[in-house]
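Let's take a walk through a protein model together. Keep the picture open beside the text and find each piece as it comes up.

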Amino acid sequence: MLRVDGRPLRWHSWPVSRPLAELVEFVRARTAPAPVPLVPELSLYTASELTPLWRATSAELRGWDPSPYWAFPWVGGQALARFLLDYPEVARGRSVFDFAAGSGLGAIAAMKAGASRAEAGDLDPVCQAAVWLNAGLNAVQVGFRAGDAIGDPLDGFDLVLAGDVFYERPLAEKALAWFRSLAGRGARVLAGDPGRLYSPQAGMRDLASYDVPTTREIESRPVMRTWVLEVVGRQDGEGVSP
């Protein structure tokens, strides 16, 4: 089995016609380890500029839409990570699924807080490389699931994390309905949200809020107030507000 930095890599077949080892090198060559602003106990492989990375993704990883969301600690993920480290009992002993994980920050924080296992899920195959690198950087083990998890009952997971998923209507509506169904079957679902355009206005329990430092490379303001919300069970007729 191929190893990088002494750790094994599994090979997968992706829309991007590159093996995982090459994606790992792609991420590592264009990012550098940096502390997470709100969670300096953790570090991530982070890009300093978005545009060059976007262009490199488009040019070098043909066959995949260039969307390097994995290269920055988004405010929703930062808020979730801070909450889990401040209140480790939330994750301790639980099986955790980090939805639309990007860098894997939520899953990594859950493991640091004492989760029994954590799995990061994302559509972007490059995220697996980022999650693999970031988990190693923080000395934890995090699994990865490729593809769209929405609709999956996530059997075996009792804590679901979702950072920054309410930014477009179709995703927000589908994700929220799924979150409600997961909460209805007993899973705890936490969302990190700075009040995006399609953030739900009802059926959420406010657990905490933070002023999260970010970068103008990806946001319009250098600090964004961001909430940790708990999803309650499905309510008839409820949706998201435009």
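Let's begin with the residues of helix α5 that are tucked away: Val126, Cys127, Gln128, Ala129, Ala130, Val131, Trp132, Leu133, Asn134 and Ala135 are buried. That makes 10 buried residues out of 12, so the helix is mostly covered. Keep in mind that you're looking at a predicted model.

From its first C-alpha to its last, α5 reaches 17 Å, close to the 16 Å expected at 1.5 Å a residue. After the helix comes alanine 139, which has a positive phi near 60 degrees.

## Zooming in on alanine 130

Pick out alanine 130, which sits in α5. Its relative accessibility is 2%, and the cut-off for buried is under 20%, so alanine 130 counts as buried.

Which residues does alanine 130 touch, leaving aside neighbours within four places in sequence? They are Val27, Trp70 and Ser103. Now look for glutamate 25: in sequence this residue and alanine 130 are 105 residues apart, yet from C-alpha to C-alpha they are 9.8 Å apart in space.

## How α1 meets α5

General idea first: to describe two packed helices, you give the angle between their axes and the distance between those axes. For helix α1 (residues 20-30) and α5, the angle is about 70 degrees and the axes are 8 Å apart. Angles from 65 to 115 degrees count as roughly perpendicular, so that is how α1 and α5 are arranged. The crossing of α1 past α5 is right-handed.

On the α1 side, the contact is made by Leu20, Leu23, Val24, Val27 and Arg28. On the α5 side, the partners are Val126, Gln128, Ala129, Ala130, Trp132 and Leu133.

## A contrasting pair: α3 and α4

Helix α3 (residues 75-86) and helix α4 (residues 105-112) pack at about 5 degrees, with their axes 9 Å apart. Angles under 35 degrees count as roughly parallel, so α3 and α4 get that label. To find where they touch, look at Gly77, Gln78, Ala81, Leu84 and Leu85 in α3, which meet Leu105, Gly106, Ala109, Ala110 and Lys112 in α4.

What about the span of α3? Among the buried ones are Val75, Gly76, Arg82 and Phe83.

## The nonpolar cores

Which residues touch the most other members of the largest nonpolar core? In this core of 55 residues, they are Trp70, Phe83, Leu84, Val142 and Tyr210. Helix α5 gives the most to this core, with eight residues. Another core lies apart from it, with 24 residues that include Phe97, Ala175, Trp178 and Leu182.

Not counting residues up to four places away in sequence, valine 142 touches Ala107, Ile108, Met111, Ala118, Glu119, Ala120, Val131 and Ala135.

## Helix α6 and what covers it

Helix α6 (residues 169-184) has 16 residues and reaches 22 Å from first C-alpha to last, close to the 22 Å expected. Its buried residues are Leu171, Ala172, Ala175, Leu176, Trp178, Phe179, Arg180, Leu182 and Ala183.

What covers the buried residues of α6? The cover includes the strands β5 (95-99), β8 (159-163), β9 (188-193), β10 (204-213) and β11 (223-231). Following α6 you'll find glycine 186, with a positive phi near 115 degrees.

Leucine 154 isn't a glycine, but it has a positive phi of about 50 degrees. Look for leucine 154 in the loop between β7 (143-146) and β8. Is leucine 154 buried or exposed? At 1% relative accessibility, leucine 154 counts as buried.

Aspartate 164, in the loop between β8 and α6, has a positive phi too, near 55 degrees. Aspartate 164 counts as buried, at 8% relative accessibility.

## Stepping back

Of its 242 residues, 54% count as buried. Among contacts between residues at least 6 apart in sequence, 68% join residues at least 24 apart.

Terms used
Residues numbered from 1 in each chain as written. Predicted model: local features only at pLDDT ≥ 70, side-chain atom pairs only at ≥ 80, totals over all residues. Heavy atoms only, no water. Core = buried A, V, L, I, M, F, W, Y, C linked by side-chain atoms within 4.5 Å. Buried < 20%, exposed > 50% of the residue type's maximum accessible area, 1.4 Å probe, protein only. Helix = DSSP H or I, 4+ residues; strand = E, 2+ residues; numbered from the N terminus. Contact = heavy atoms within 4.5 Å. Expected span 1.5 Å × (residues − 1). Axes fitted to C-alpha atoms, helices over the stretch in contact; angles between N-to-C directions. Parallel < 35°, antiparallel > 145°, perpendicular 65-115°, else oblique. Left-handed = near helix turned anticlockwise from the far one by under 90°.
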